[in-house]
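I looked up how parts of this model pack against each other. My notes follow the structure.

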Amino acid sequence: MKVEKLIQELRQELGSEAVKTEQEDLASYAFDATPDMPVAYPDVVVFPENSAHVEAIVAIANRYQVPVYTRGSGTNLSGGTIPLKNGIVMVMLKMNKILEIDTENLTATCEPGVIIADLNAAVGEYGLMYPPDPGSVDTATMGGSVAECSGGLRGLKYGVTKHYIMGLDVILANGKKMSCGGKTVKNVSGYDMVKLFVGAEGTLGVVTRIICKLIPTPEARKTATATFPSIDGAAKAVAGIIKSKVIPATLEIMDKVTIQTVENYLHLGLPTESEAILVIEVDGLPEVVEKEAEAVVKVCEANGGDVIIAADDKERDGLLAARRAALPALAQLSPTTVLEDATVPRNKVPEMIHAIRTIADKYGLTVGTFGHAGDGNLHPTIVTDETNTEEMSRVHKAVDAIFEAAVRMGGTLSGEHGIGIAKQKYLTQEFGEAGVEALKAVKRALDPNNMLNPGKIVTI
Amino acid sequence: MSEQTLMKELEAEIAKCMKCGNCQAVCPIYKEDMAEWSVARGKIKLARDLLTGKLEYTDRMEQIFSLCLTCQACAENCPCGVRPDKIILATRAVMVAKKGLPAVKRAAFNLLEHPGSFRWGMRVGSKLQGVGLRKVNDSGLVKPRFPIGLDMRRVVRPLAAKSLLSQVPEVTTVDNPRGRVVFFTGCMLNYIYTDAGQAVIDVLAANNIEVVTPKAQHCCGIPVIMNGDMETARKIARYNIDVLSGYECDAVVTHCGTGIDAWVHHYPELLADDAAYAEQARVLSAKAYDLSQYLVDVAGFRPPKKAVDTTVTYHDPCHMVRGVGVSAQPREIIRSIPGVVFQEMKKPDRCCGSAGSFSLTHYNLSSKIRDRKIRDILSVGPDRVLTSCGACRMQIEEGLYQAGDNVPVQHVAELLASAYEKEETADKGNQRDYQQTATERVAG
């Protein structure tokens, strides 16, 4: 009865086309990209087209005390958009306008439903770029990216989403709108609410407008791969590159299992006997790029690396193909792919890779590890089958052990995917009891009725 | 294949999906409505729920599963190698097996089961269509006078006065033939774009290939498959296989994305469990080529000597580029013609939104997808648009008309044929008039 009334009010506010309630519609929003998650159906799916719609939806939800699950493209890997407690799934994709590209202040202002790649294409016309580039850059929305604080391949040099979000409009849990931040580089008014909302996974407010920082597109780039007979050689090369004052835009690693899987999949002629491949890209002014590339080659070779440099864009694509194929190739091995993002300080990468290998052996699992070596963000990827309960129990144990290792090495549970449902139970390991209590206090302060994406990050 | 087998096949394919959502980046329908049920991963989730019995074969489910162009863009972009088009077609088929077909479709497909009645119907249609359709421009596009199953805004190319099969000889012979092919015309070239059909024969003959155009050939049956009526589809497949098996040939040549996909993939799959037909379906599958593919990869072709001064762009039909992997060959032919300036459009392989009967049942959505294609076409300023599929052609013709443009659309074969024809006019007398010869021979 309550649900029927809720739906009726939503229809009055949004029109019936924007309010979907049939079983088939609800089933389509009962999942996201995360494997091994509970499936939960919302009571209703709504498609707001502007900020006033969002305000109205949150206000109505408040009156009926039902949860609101804000969703962009649903490509997250933390179970972040699954409507655990039913209620309203609010799809932001129709709010997809780029409102302004300000070439004087170097900012873009957009609605949350804009796809990251579309924003980059639009600002590219002005010789500018928005650097954060998660793997889902062609599908993920700016809103989702803000909510998850996504990272990507360019994190080492350019940082992640939180370094680029300057201002936000947010609909608070009470249905009221607040604006924070803006176009100024400097802003110390009050608490840094922008940073608080970025990465909050939609648990503290609903973002309806985003001001982000842009940078000039680098003029030149140079890409290389280096093959190493040992993980330690590759790790020393990573440390050596940074030590020689070169910060590559991309510094990626693939371990032996990944190399062999990619080679089986694509037949690129990869050295399947080698222990690690680094993919390195430096960018910037042409003269600087030349010098940096020389330094990279020198360091890699000094550490036993076999280096290939791309002569042109076509060769560059060839070199990057292997890294791009890492996840697809591993995914082809079996139906379920558990992709983690435990992250450690850069100098712990070799130790972490060894630890992952030991864990894989202990639990008898196939784990390919690749990721962003430059920023310590690794993607141990377990290939398994959700329907195999016995194997899944070993997978869960292995995941526990991976997180335990990451935190022990001074790292974090999640470099870029977020906590969501998937990593909630590990949160105390990283924050301690007092820390988790502090997170809960923040949640209670901004969302006292526990309406916004309840059941994610912390459960109150 | 039984419903059971279909379900089994479905299960394995569904299990491969890791729900990453990469399909969202390329699905033309999702780009328009941005709803999770429109895109492959949403449909795969629903198919999974159907299999486990969590959801049922409802009208809403049928509506959702009708939202697919089978353009295969998702399959191409899938990191796990899932074929969502197969899952969707199989689900449609199971749905039909469970729920039956709507009466209108049932009646239409009943007619398709009988080649003779179908041919008669199309003949009558071409005579009577003037009643319901009126001309909108000099190129002969027409529009409904009153609702006759077409959206009132719709503009189409009408049926030709005479079908191709009624005009051309069954065998077009040439001197010193280098090969002999069977030409499977498909309905679009037989009933609507007969000039394109004639051009296929001309081009092959100009390359000293003997062309057999069986009078008894029938609709490829793809519209029936797309709508999930697998039983009728199998009947049509067997019929066409019987017809074509009656001729000795090196190859089966089509000039239609849908037709080629039928022979290469659908027939062998439909008849995989049919002891009497499986083998022959496979044999013909291996021999089936698009005209451009046959000319470039198999027979080799003679680049024309005379220039055709024109600026063209090429639209890749989905079932041609992703269905059978033909995209380089038509371009090679186009570029071989002197005088032709080839301007590649942005995303030439993005679906035009036609998808055959989809454009009838989902006109609004289909038009939105089409208009993106039209913008891409017009941005390169061609003075003609080329493609290899009649359904795409009609869709693009309408889109250009609705955009207030009158750039003509042709099949690749027509451009090549017109280049060869120029040679003939240039040195008439020296060159053999193969068509004439052929007709005389058949008559004799």
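Helices (H or I, at least four residues) and strands (E, at least two) are DSSP runs, numbered from the N terminus.

I note that this is a predicted model, where local features need pLDDT of at least 70 and side-chain atom pairs count only at pLDDT 80 or more, while totals for chains, interfaces and linings use all residues. Residues are numbered from 1 along each chain as its sequence is written, and chains are lettered from A and ligands numbered from 1 in the order in which they are written.

Next I listed the residues between the two helices. From H8(A), Ile231(A), Asp232(A), Ala235(A) and Val238(A) meet Val349(A), Pro350(A) and Ile353(A) of H12(A). Contact means C-beta atoms, placed from the backbone, within 7 Å. By class I have 6 nonpolar, no polar and 1 charged residues here. Ala, Val, Leu, Ile, Met, Phe, Trp, Tyr, Cys and Pro count as nonpolar, Asp, Glu, Lys and Arg as charged, and the others, Gly among them, as polar.

I then turned to the two chains. In contact are 24 residues of chain B and 24 residues of chain A. On the chain B side, helix H3 (40–51) and helix H4 (59–66) are the elements that give two or more residues. H3(B) has the largest share, 4 residues. I class this side of chain B as 12 nonpolar, 6 polar and 6 charged.

Last, I checked domains within chain B. The division is domain 1 (3–99), domain 2 (115–299) and domain 3 (310–421), with bounds from an automatic or database domain assignment. The C-alpha centres of domain 1 and domain 3 of chain B are separated by 27 Å. I find 11 residues of domain 1 of chain B in contact with 12 residues of domain 3 of chain B. Helix H2 (28–33) and helix H5 (73–77) of chain B each supply at least two residues on the domain 1 side.
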